[in-house]
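This briefing is written for a reader who is new to protein structure. Please examine the sequence and the structure shown here, and then read the points below, which are grouped by topic.

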Amino acid sequence: MTDVSFENLVKQYYQPLYKFAFSLARTEADACDLTQQTFYVWATKGHQLRDPSRTKTWLFTTLHRVFLQSRRRETRFPHEPLNETEDGLPFTDPVLADHLDWEQVLAALGHVEDRYQAAVALFYLQDCSYREIAEILDVPVGTVKSRLARGLGQLKKILIQTGVSSRVGKAQDD
Amino acid sequence: MTNEDVKKTLALYRPGSPDRIDPSFTEALDRVRPNSTPGHTPESPDPELPRWFQEHCASYRNLRASFLNIPVPPALPERILAGYKPPRASVIRLFRPAVILRAAAVLVLCLALAAVFWRSHGKDDDFNTYRNRLARTALRPYSMDLRSGDLPSINTYLAGHKAPADYALPGGVTKAQPVGCAILQWQGQPVSMICFQTGRPLPAGESADLWLFVINPSAVRNGPASPLPVLARVKTLTTATWTRNGKMYVLATVGDEAYLRKYF
């Protein structure tokens, strides 16, 4: 791969990859590391990809794998109990639900079961079809949808419990 | 599809995405469209479904906007590119200037080392090498250029081929029987090789057991300048070397030094 084509690839994908990484890791440093590592893997192994149309899926898949590998290296993934963060999540008037803060949403996502988080993040980032999400997570499409149903349900409950948005909860709770 | 099935399906629907053409959403989407026709579903249309769907879409857009608002460090692309090392081609391009310069440097170094080695170890034109060469020639099978027991004929032949012919034989050698001659080359100079029989029994296949080699001394570096014979053992031969009247002589025979001395 030439320098120019690598630069173009970075320009095209670094933002969605970083947002996906941040959704998973929830710190800027870790998200940057994940994104950089993903492009590093591409620089060393990307030439093995025969179908250029699958580049996006390849990158997201790689980032997710790198994230899972980094998680396995940790003895225990830090996970704050919900009641400890409740005070840190300000009550939001339902009228303001249209202006959800990304930090609040990601904090809530952090309390969703680990195995659902990637699916939920990809669901909202909307960069990938269901088939692509299934490929990234290495599970069937049906599993993606069942994980999403549970993950979105958990996210909704957490947002309601923390009072971030009653409108979100109402919309999906009806 | 029940109303609950519709909600369950569309809860995973992402407005503004390719999901709108995903067949798994088609039927459920038909149920929430304002102009959907009731009657062909097992359940009466829920008038709340379109409203529920609108709220789902609004809530999805709000949450999606939150994810999209995640700030990306502006310096991230530069950091990624700074850490990128383009893979090197496995084939070395031989004609790049840097490669040529390196090759030239290695060649010069090799030549310099060879010159140093040459100077320290001497060239192949020194006397010891010359004498070893003569001994090998005498010990190995060789062909005489002229077979003759007549020394004047031998000298005529040598002179006719511009090899040293005006040599002087030591007194003892004049008593040996000449059997022929050959002309060797040493550093571009002719070497006269005159073969004799001493009268001792010869090994099978051999026709001579005493050899005299004559050369212009300028062709041999570090040769002995003494007119008196200098004896030395070379391989299985004993040799005597001396230089007289512009000729360098090497007399060689099978035997010890005492045996060779009696030819002088």
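Chain A has nine helices and zero strands, where helices (H or I, at least four residues) and strands (E, at least two) are DSSP runs numbered from the N terminus. This is a predicted model, in which local features need pLDDT of at least 70 and side-chain atom pairs count only at pLDDT 80 or more, while totals for chains, interfaces and linings use all residues. Residues are numbered from 1 along each chain as its sequence is written, and chains are lettered from A and ligands numbered from 1 in the order in which they are written.

**Chain A**
- Along the sequence, chain A shows the pattern α-α-α-α-α-α-α-α-α.
- Chain A has 174 residues, of which 41% count as buried; a residue is buried if 20 or more other C-beta atoms lie within 10 Å of its own, exposed if 12 or fewer, and partly exposed in between, with C-beta atoms placed from the backbone.
- Among the contacts in chain A with a separation of 6 or more, 65% involve residues 24 or more positions apart; two residues are in contact if their C-beta atoms, placed from the backbone, lie within 7 Å.

**Where the chains meet**
- In chain B, 28 residues are in contact with 40 residues of chain A.
- Helix H3 (48–68) and helix H4 (76–82) of chain B each supply at least two residues of the side that touches chain A, and H3(B) gives the largest share, 10 residues.
- This side of chain B has 16 nonpolar, seven polar and five charged residues; Ala, Val, Leu, Ile, Met, Phe, Trp, Tyr, Cys and Pro count as nonpolar, Asp, Glu, Lys and Arg as charged, and the others, Gly among them, as polar.

**The sheet of chain B**
- Strands of a sheet pair through backbone hydrogen bonds, either parallel or antiparallel.
- In chain B, seven strands form an open sheet in the order S1-S2-S3-S4-S7-S6-S5, with antiparallel pairing; two strands pair if DSSP finds at least two bridges between them.
- Strand S1 (146–147) and strand S5 (230–234) of chain B each have a single partner strand, so one side of each is left without a neighbour in the sheet.
- Strand S4 (residues 210–215) and strand S7 (residues 247–254) of chain B are antiparallel and share six bridges; B:Leu210 stands opposite B:Thr253, and B:Val214 has B:Tyr249 as its bridge partner.
- S6(B) and S7(B) also run antiparallel, joined by eight bridges, and B:Thr241 is partnered there by B:Val250.
- The hairpin of S6(B) and S7(B) has two residues between the strands, and B:Asn245 takes a positive phi near 50° in this hairpin.
- S7(B) is mostly covered, as seven of its eight residues are buried.

**Helices H1 and H2 of chain B**
- What do B:Val6, B:Thr9 and B:Leu10 in H1(B) meet in H2(B)? They meet B:Phe25, B:Ala28, B:Arg31 and B:Val32.

**B:Leu49**
- B:Leu49 is placed in helix H3 of chain B.
- B:Leu49 counts as partly exposed because it has 19 C-beta neighbours inside 10 Å.
- Leaving aside residues up to four places away in sequence, B:Leu49 touches B:Asn3, B:Val6, B:Arg31 and B:Val32.
- B:Leu49 and B:Glu4 lie 45 residues apart in sequence, and 9.6 Å separates them in space, C-alpha to C-alpha.
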